[in-house]
Structure formats: C-alpha cells, structure tokens
Amino acid sequence: MRIVIGEDSALFREALARLLADAGHEIVAKVGDAPTLVAAVSAHEPDLAIVDVRMPPDLTDDGARAARQVRAAHPKLGILLLSQHVETRHSVELVASGGFGYLLKDRVFDVDDFLDALRRVAAGGTALDPEVVARLLGPRRTDDDPLTTLTGREREVLALMAEGRTNVGIARRLWLTDRTVETHVGSILGKLRLASTDEDHRRVLAVLMFLGAA
C-alpha cells in the first residue's frame, strides 16, 4: 500500500520507513510536522497515514488534530496514530468513522502484529492498543447501563472486538473455539439491545457503546 509517515523523530521515522519498505509497501512521503503531513496527504492521496500524536509545531496533540483534518478531507484514508503515551481526546470520533488504529510506539517492535494492524486499518477496520481501549473505557456507568449485564468473559470478548480482532482472532487470544466466540458475540449484541441488522454494523455499535461514544 502507499503510505505517508508523519513523525518528528528522524530516527524513528527512518526506521519505520525501512520496516514498511522491507514489507513491500511504498512510502510516498516522510514528514516531521503536522502542517506538512496535511499537505503530503493532499498531494499524494495515500492508502494509509501513520501519524505521531505529538508533533510540531506545538508538540501537544498536533498529529491527532491533523489526523482529524485529513480524515474530513479524505474519508477513505486509513489512519494509524502512534504515541508514547495514551491520549484519547480525538480517538473516539476517529474510531466511529472506521479505518482507524491507535497503537503505542513500542507495539511497532512486534512486527507481525504491527503489519497486521496496518492491513486491518487500510481495509477499513480498527486496530486499538489494549491500553488505549482501557483508557477509552473511562469510569463505569450506572446500573441501568446494559453494559453492566455483560459477564466477565463477554467483556473480554468485547474488549478484543474493540481492538479490531475478528472472531477467529478472539478465539485464538482467549483459547476458545470459534463457535464459543460466536455465542459470546451473539449474547453481547443481544444484551446491548442492538437490532438484528447487518452483523458488521452491530459490532461497530457495540464497540462504540463500550468506548462511551454511543
């Protein structure tokens, strides 16, 4: 796929570009600040943008804000945020639009998982770091919230759904059979009172409820 990298650390930027090129991807631009990132996406129209949350000029959440800007201009663009620490201000909106990932930078060193996350995001799915999911959860809700009816195992399954895992991936992670995961997913969707329409759409709604965006 064609990729733009937005990362202010020259060393990390070049290492990431080399890793992706070795995996067969085309790096169409490598930039070190948020305004140049926006311009590069507009100029090259890549399949995916990998963006550091904190970038110049302000070194606060410039990268995340730039990600929202380019997503508004290019709705089909896959976006993967990278960060040293979890920052969630802009994440829920981007999760809701699909084709979005948010990983802590040390996840890059697990190369196979990282490349798998890129593929999921470019295909319109999600890839959320477990620590990001935990932070997005926030404080638990009142007793009338349907999420409180989920069992511990169902919450584990839903958390992995939020990371972007398929039923097969969830089964492997939790050492369950595919059929058992399907049963848990069906129970989750029923308890959250999500109408029986498109299965993928219901999964997205369930994840958004879980992250507090619904």
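Ser 9 counts as partly exposed in this predicted model, because its relative accessibility comes to 31%. Ser 9 belongs to the loop that runs between strand S1 and helix H1, and its C-alpha atom lies 9.7 Å from that of Val 31, although the two residues are 22 apart in sequence. Around this point the chain has a secondary structure of 10 helices and 6 strands, and buried residues account for 49% of its 214 residues. Of the contacts between residues at least 6 apart in sequence, 60% join residues that are at least 24 apart.

**Helix H1**

- Helix H1 covers residues 10–22, and its 13 residues should span 18 Å at 1.5 Å a residue, which agrees with the 18 Å that separates its end C-alpha atoms.
- The residues of H1 that are buried are Phe 12, Arg 13, Leu 16, Ala 17, Leu 19 and Leu 20. Because these buried residues fall within an arc of 165° when seen down the axis of H1, they line one face of the helix.
- The face of H1 that is turned away from the buried side carries Leu 11, Arg 18 and Asp 22, which are exposed.
- The cover over the buried residues of H1 includes the strands S1 (2–6), S2 (26–31), S3 (48–52) and S4 (78–83), together with helix H5 (111–122).
- After H1 comes Gly 24, a residue with a positive phi near 100°.

**Helix H9**

- Helix H9, made of residues 178–191, has 14 residues and reaches 20 Å from its first C-alpha to its last, which is close to the 20 Å expected at 1.5 Å a residue.
- Val 181, His 184, Val 185, Ile 188 and Leu 189 are buried in H9. Seen down the axis of H9, the buried residues fall within an arc of 130°, and therefore they line one face of the helix.
- Arg 179 and Thr 183 are exposed residues on the face of H9 that is turned away from its buried side.
- H9 is followed by Arg 193, and the phi of Arg 193 is positive, near 60°.

**Nonpolar cores and rings**

- In soluble globular proteins, nonpolar side chains tend to be buried together.
- In this structure the largest nonpolar core has 47 residues, and those with the most contacts inside it are Leu 81, Phe 100, Leu 158 and Met 161. Another core, of 19 residues, lies apart from it and has Phe 12, Ile 50, Leu 103 and Val 121 among its members.
- Phe 12, which is one of the buried residues of H1, also has the charged end of Lys 105 over its ring, at 5.0 Å from the ring centre.
- The structure holds 0 aromatic pairs.

**Asp 52 in strand S3**

- Asp 52 is part of strand S3, and Asp 52 is buried because its relative accessible area is 6%, below the 20% under which a residue counts as buried.
- Leaving aside residues up to four places away in sequence, Asp 52 touches Gly 6, Glu 7, Asp 8, Gly 63, Ala 64, Leu 82, Ser 83 and Lys 105. One of these contacts, Lys 105, is the residue whose charged end sits over the ring of Phe 12.

**Loops and backbone features**

- Glu 45 is placed in the loop between helix H2 (34–44) and strand S3, and Glu 45 has a positive phi of about 45° although it is not a glycine. With a relative accessibility of 55%, Glu 45 counts as exposed.
- The loop between S3 and helix H3 (62–73) holds Pro 57, and the peptide bond that leads from Pro 56 to Pro 57 is cis, with omega near 15°.
- Leu 59 is also placed in the loop between S3 and H3, and Leu 59 has a positive phi of about 60° although it is not a glycine. Leu 59 is partly exposed, its relative accessible area being 48%.
- Pro 75 is placed in the loop between H3 and S4, where Pro 75 is exposed, with a relative accessible area of 59%. Pro 75 and Gly 99 are 24 residues apart along the chain, and their C-alpha atoms are separated by 9.0 Å.

Note on methods. Residues numbered from 1 in each chain as written. Predicted model: local features only at pLDDT ≥ 70, side-chain atom pairs only at ≥ 80, totals over all residues. Heavy atoms only, no water. Phe/Tyr/Trp six-rings, centres within 6.5 Å; stacked < 30°, edge-to-face > 60°. Lys NZ or Arg CZ within 6 Å of the ring centre and 35° of its normal. Helix = DSSP H or I, 4+ residues; strand = E, 2+ residues; numbered from the N terminus. Expected span 1.5 Å × (residues − 1). Buried < 20%, exposed > 50% of the residue type's maximum accessible area, 1.4 Å probe, protein only. Arc of directions from axis to C-beta. Contact = heavy atoms within 4.5 Å. Core = buried A, V, L, I, M, F, W, Y, C linked by side-chain atoms within 4.5 Å.
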